[in-house]
Amino acid sequence: MSAQPCVISVAITGSLPTKEQNPAVPITVSEQIESTHEAFEAGAALVHIHVRDDQGRPSSDPERFQRVQEGVRKHCPGMIIQFSTGGRGRQLQERGAMLWLRPDMASLATGSVNFPSSVYENPPDFVEALAREIAAHGAKPEVEIFDVAMLYNAVELVKAGLLARPPHVQFVLGLKNALPARRELLEFMIKELTALLPGATWTAAGMGRHQLTVNHWALELGGHCRTGLEDNIRFDQSRLAASNAELVRRVAHVAAEHGRKVATPAQARALLSLPPSN
Ligand code: ZN
């Protein structure tokens with residue numbers, strides 16, 4: 001089994017949960033910076049960021065992204081900063097509005113899918129335009145695989161030169177109405193990824209009660225892990241984590257059980273073919 005270090009991504013906030021659903025979720029800029037810093041100290045090398053407005057609603061305000069980015073850069077040297085271009089509560093044209101801030105990475109869903117109570121709409125022309133925009137701002141996409149077709153769409157984007165090699169993808173499992181959390185399915189997608197996009201790297205994320213299970217699978221199968229409050233709450237309110245750092249520590253612990261070291265930010269940058277931080 002691959003002994004490469006595991007990159008731990010922490011999705012600190014998301015579009016949900018609300019403060020009522022979990023008081024631990026960081027909402028304000030200072031809460032987000034502090035929570036990221038704790039997660040960084042616990043071993044997270046990558047932070048996936050959504051911002052909220054003053055009422056706690058999902059926001060596209062570039063100024064909020066800017067302030068969080070500045071704080072993370074200051075307090076978490078070398079940490080990989082990834083902005084979400086995700087859809088919930090945001091208009092299509094707003095979703096890349098903060099890319100001029102030149103984050104290290106930006107998420108890119110390569111197709112449409114049903115979410116638990118909505119449609120996550122990513123029409124083909126929008127996907128292509130967003131891929132171009134991410135590249136134009138010097139960021140590396142994290143391809144979000146919410147459904148199997150999105151994997152093959154990513155292959156087409158690479159062929160068309162809209163996604164650079166080697167791409168990085170994230171398999172999202174256990175989201176209602178999208179991919180189930182089945183190990184056979186993850187193994188199939190990894191096999192396809194390896195065959196069609198040699199050299200590609202991957203992370204797996206499990207939603208709700210599947211979060212820890214999917215962390216185990218990713219560690220066993222040689223991939224990277226995502227954790228964080230974004231995925232922890234909404235689908236399983238009976239087991240609330242108290243902080244992002246707690247979830248990162250849990251992954252670090254499981255990684256050790258599987259003989260995997262936790263990647264430092266510098267190692268994570270090398271593994272994901274990102275430039276070193278300056
Ligand atoms: Zn997200």
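**Helix packing, zinc site and backbone features**

The buried residues of helix 6 are covered by elements that include strand 10 (168–173), helix 5, strand 11 (201–206), strand 12 (224–227), helix 7 (229–232) and helix 8 (244–257). The model is predicted. Helix 6 itself spans residues 211–220. Its buried residues are Gln 211, Val 214, Asn 215, Trp 217, Ala 218 and Leu 219. Gly 222 follows helix 6 and has a positive phi, near 85°.

Strand 12, one of the elements covering helix 6, contains Arg 226. With a relative accessibility of 5%, Arg 226 counts as buried, because the cut-off for burial is under 20%. Neighbours within four places in sequence aside, Arg 226 contacts Ser 9, Ala 11, His 48, Gln 170, Thr 203, Ala 204, Ala 205, Asn 215 and Asp 231. Among these contacts, Asn 215 is a buried residue of helix 6. Another, His 48, is a donor of the zinc ion. The C-alpha atoms of Arg 226 and Ala 44 are 9.1 Å apart, although 182 residues separate them along the chain.

Along the chain they follow the spacing H-x1-H-x179-E. Angles among the four donor atoms run from 53 to 138°. The site is irregular. Tetrahedral geometry is excluded because it would need all angles to lie between 85 and 135 degrees. His 48 and His 50 are both buried.

Ala 39 lies in helix 1 (residues 29–42). Its relative accessibility is 0%, and Ala 39 counts as buried. Residues up to four places away in sequence are again set aside for its contacts. Ala 39 then touches Val 10, Ala 44, Asn 244, Ala 245 and Val 248. Ala 39 and Val 262 are 223 residues apart in sequence. Their C-alpha atoms are 13 Å apart in space.

Helix 4 (residues 148–159) packs with helix 5 (residues 183–196) at an angle of about 10°. Their axes are 11 Å apart. Helix 4 is therefore roughly parallel to helix 5, as the angle is under 35 degrees. Helix 4 contributes Val 148, Leu 151, Tyr 152 and Val 155 to the contact. Helix 5 contributes Leu 185, Phe 188, Met 189, Glu 192, Leu 193 and Leu 196. By class, nine residues of the contact are nonpolar, none is polar and one is charged.

In the loop between helix 4 and strand 10 lies Pro 166. A cis peptide bond joins Arg 165 to Pro 166, with omega about -10°. The loop between strand 10 and helix 5 holds Asn 177. Phi of Asn 177 is positive, near 80°, in a residue other than glycine. Asn 177 is partly exposed, at a relative accessible area of 44%. Arg 102 sits in the loop between strand 5 (80–83) and strand 6 (105–109). Arg 102 is not a glycine, yet its phi is positive at about 55°. Arg 102 is partly exposed, with a relative accessible area of 47%.

Note on methods:
Residues numbered from 1 in each chain as written. Predicted model: local features only at pLDDT ≥ 70, side-chain atom pairs only at ≥ 80, totals over all residues. Heavy atoms only, no water. Axes fitted to C-alpha atoms, helices over the stretch in contact; angles between N-to-C directions. Helix = DSSP H or I, 4+ residues; strand = E, 2+ residues; numbered from the N terminus. Parallel < 35°, antiparallel > 145°, perpendicular 65-115°, else oblique. Contact = heavy atoms within 4.5 Å. Nonpolar A, V, L, I, M, F, W, Y, C, P; charged D, E, K, R; others polar. Donors = N, O, S within 2.8 Å, 3.2 Å for Na, K, Ca; no water. Tetrahedral: all angles 85-135°; square planar, octahedral: opposite > 155°, others 65-115°. Buried < 20%, exposed > 50% of the residue type's maximum accessible area, 1.4 Å probe, protein only.
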